[in-house]
Structures are given as structure tokens and as C-alpha cells.
Amino acid sequence: MKRVLLVDSEQANRALLRSRLETDGYDVVECDGASNTLEFFRLGADAVLVSRPSAETPAVELLHALRAINPQRPAILVSSSVDETLEALRQGAFYVTRGPLGPDEGSLLLGLAVRGRQDGA
């Protein structure tokens, strides 16, 4: 079973995405901020979906920290601006999309990220 980290500061958003991703067969770990995201990432994750991290850590900053730990793990970010999108892509994000992120889109993107990692691993 593939483990994915779901990063969103709002519990209701995490619950909606988690339900769909668990239906897809993922082991989902919910994270509400940078510190627990990095902690769980160090323990092992096949992919990370960063929707809305906590206000004190911008998504691109969290991506930078994740890539420093393991640049091989795909990260998907929900971006709020063109500048943020470009910076995330420069830092190696697997994919960047605009919010809000629905369960179907999250499921599709994580499937592509995990399959791409298996094909290239």
C-alpha cells in the first residue's frame, strides 16, 4: 500500500480528500503544518500533496525542505499565484495546480505521481 502525505491546514479539506484517497487504496497520513509533515516524510512517504500548509510556512518553503530530505519523492502543490507556481516547478514539484483541489483531481494527480515514481524507480 502506497503511503501519501496530505498537507492542509483545514481539517474539513483533509477529510474530504482522505476519504477519496483511502478508497483508492492509499495509506493516507494527514498533516496540518510543516513540522509534522517533515516528521512523517522522514519516516517514509511515496508522495506528498500540499494543498494549504499552515500560514507560517508557505508551500514553496515546505517543498524546498521536503526536496532537501528526499528529492526522489514526488510532491504536488496547490498554488495560489503564478509566481508560486513557477518557483515550485523550479524547485522540482511533480505537478502544480490551482485551488481549490477536489477529490477527483487529487486522486488523479497522486495516481500519476506514484505510477511515475514506480516506472522511473
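Two strands are taken to pair if DSSP finds at least two bridges between them. In this predicted model, five strands form an open sheet in the order E2-E1-E3-E4-E5, with parallel pairing. Strand E4 is mostly covered, with five of its five residues buried, and the buried residues of helix H4 pack against H3, E4 and E5.

**The sheet**

- The edges of the sheet are strand E2 (27–31) and strand E5 (95–98), each of which pairs on one side only, and the twist from one strand to the next averages 20 degrees.
- Helix H1 (residues 11–23) packs on the sheet, where it touches strand E1 (3–8), E2 and E3, and the direction of H1 makes about 170 degrees with that of E2.

**Strand E4 and its pairing with E3**

- Strand E3 (residues 47–52) and strand E4 (residues 75–79) run parallel and are joined by three bridges.
- Within E4, Ala-75 is the bridge partner of Val-48, while Ile-76 is the bridge partner of Leu-49.
- In a regular strand, side chains alternate between the two faces of the sheet.

- Glu-84, Thr-85 and Ala-88 are the buried residues of H4, and because they fall within an arc of 100 degrees when seen down the axis of H4, they line one face of the helix.
- An α-helix has 3.6 residues a turn, so residues three or four places apart point the same way.
- On the other side of H4, the exposed residues are Val-82, Asp-83 and Arg-90.
- After H4 comes Gly-92, with a positive phi near 100 degrees.

**Packing of H3 with H4**

- Helix H3 (residues 59–69) and helix H4 (residues 82–90) pack at an angle of about 5 degrees, and their axes lie 10 Å apart; because angles under 35 degrees count as roughly parallel, H3 is roughly parallel to H4.
- On the H3 side the contact is made by Ala-59, Val-60 and Leu-63, and on the H4 side by Glu-84, Glu-87 and Ala-88.
- Sorted by class, this contact of H3 with H4 comprises four nonpolar and two charged residues, with no polar ones.

Key: Residues numbered from 1 in each chain as written. Predicted model: local features only at pLDDT ≥ 70, side-chain atom pairs only at ≥ 80, totals over all residues. Heavy atoms only, no water. Axes fitted to C-alpha atoms, helices over the stretch in contact; angles between N-to-C directions. Helix = DSSP H or I, 4+ residues; strand = E, 2+ residues; numbered from the N terminus. Parallel < 35°, antiparallel > 145°, perpendicular 65-115°, else oblique. Contact = heavy atoms within 4.5 Å. Nonpolar A, V, L, I, M, F, W, Y, C, P; charged D, E, K, R; others polar. Buried < 20%, exposed > 50% of the residue type's maximum accessible area, 1.4 Å probe, protein only. Arc of directions from axis to C-beta.
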